[in-house]
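Subject: Structure handover

Hi,

Here is the structure for you to look over. My notes on what turned up follow below.

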Amino acid sequence: MLASLLAAARETSPQHPLLELHLEEVSATGLEAALHYIYTGWVQGQGLGELVRVGVRLQLPGLLDNLGQLLDRAGLREVVEVLVVALNMGLEVVVEGAVARLTRERVALVREPWWREMMLASPGPLLRLYEELCREEVGREGVLCYSHIM
């Protein structure tokens, strides 16, 4: 999609070397993260959630294929942000990858002070993760999950 936007802009105005694109719902931070990823294959800073949002919107080739590796290297907060973005965008494959990573590290996750804040800020998307964490805990130890975070 990004390539087609650039090609269309060049055809519209071939005499002007500078292009101006207006991309709705794409922040400057997100576009910067996408361009950095395109050129390096790495995520700059803590922009993985925004990269997923922009990358899917611009149909960046290979992004979803490499997302598992990116999720494995990301911090827990970034993975939670990716989960929220993926659930809001209906990206089930990304949701499954994020849930798997967070489930593996559930003990560390529920100890993080920002976890409760994020649950309150995005209750719908994060309820799915919470239910998965609870299902794992009840299945493993026969304990109630909420007792770990209260």
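A helix here is a DSSP run of H or I with at least four residues, numbered from the N terminus. In those terms, E24 sits in the loop that joins α1 (2-12) to α2 (28-40). Please keep in mind that this is a predicted model.

**Overall**

The chain has nine helices and zero strands. Reading from the N terminus, the order is α-α-α-α-α-α-α-α-α. The chain has 150 residues, and 37% of them count as buried. Take the contacts with a separation of 6 or more: 57% of them join residues 24 or more positions apart. The accessible surface is about 9,200 Å². Carbon and sulfur atoms supply 55% of that surface.

**Back to E24**

Is E24 buried or exposed? Its relative accessibility is 59%, and the cut-off for exposed is over 50%, so E24 counts as exposed. Its C-alpha atom lies 9.8 Å from that of R57. Along the chain, E24 and R57 are 33 residues apart.

**A34 in α2**

A34 is a residue of helix α2. Its relative accessibility is 1%; buried means under 20%, so A34 counts as buried. Which residues does A34 touch, leaving out those up to four places away in sequence? They are L51, V54 and L60.

**α3 against α4**

Two packed helices are described by the angle between their axes and the distance between the axes. For helix α3 (residues 48-57) and α4, the angle is about 175° and the axes are 12 Å apart. Angles over 145 degrees count as roughly antiparallel, so that is the label for α3 and α4. On the α3 side, the contact is made by L48, L51, V52, G55 and V56. On the α4 side, L63, L64, L67, L70 and L71 take part. By class, the residues of this contact are nine nonpolar, one polar and no charged.

**The loop between α3 and α4**

Q59 lies in the loop between these two helices, α3 and α4. What is the phi of Q59? It is positive, at about 55°, although Q59 is not a glycine. Most residues other than glycine have a negative phi. Q59 has 56% relative accessibility, so it counts as exposed.

**α4 against α6**

Helix α4 (residues 63-73) also packs with helix α6 (residues 92-104). Their axes come within 10 Å and cross at roughly 20°. Angles under 35 degrees count as roughly parallel, so α4 and α6 are roughly parallel to each other. Their crossing is right-handed. From α4, the residues in contact are L64, L67, L71, D72 and R73. They meet V94, G97, A98, R101 and R104 in α6. This contact divides into five nonpolar residues, one polar and four charged.

**Where to look**

Start with α4. Its L64, L67 and L71 are among the residues that meet α6. L64, L67 and L71 are also among those in the contact with α3. Then turn to Q59 and its positive phi.

Best wishes

How values were computed
Residues are numbered from 1 along each chain as its sequence is written. This is a predicted model: local features need pLDDT of at least 70, side-chain atom pairs count only at pLDDT 80 or more; totals for chains, interfaces and linings use all residues. Side-chain values use heavy atoms; hydrogens and water are left out. Buried means under 20% relative accessible area, exposed over 50%, partly exposed in between (1.4 Å probe, protein chains only). Contact means heavy atoms within 4.5 Å. Accessible areas come from the Shrake-Rupley method with a 1.4 Å probe; for residues, only the protein chains shown count as cover. Axes are lines fitted to C-alpha atoms, for helices over the stretch in contact, and angles run from 0 to 180 degrees between N-to-C directions. Angles under 35 degrees count as roughly parallel, over 145 as roughly antiparallel, 65 to 115 as roughly perpendicular and the rest as oblique. A crossing is left-handed if the near helix is turned anticlockwise from the far one by less than a right angle, and right-handed if clockwise. Ala, Val, Leu, Ile, Met, Phe, Trp, Tyr, Cys and Pro count as nonpolar, Asp, Glu, Lys and Arg as charged, and the others, Gly among them, as polar.
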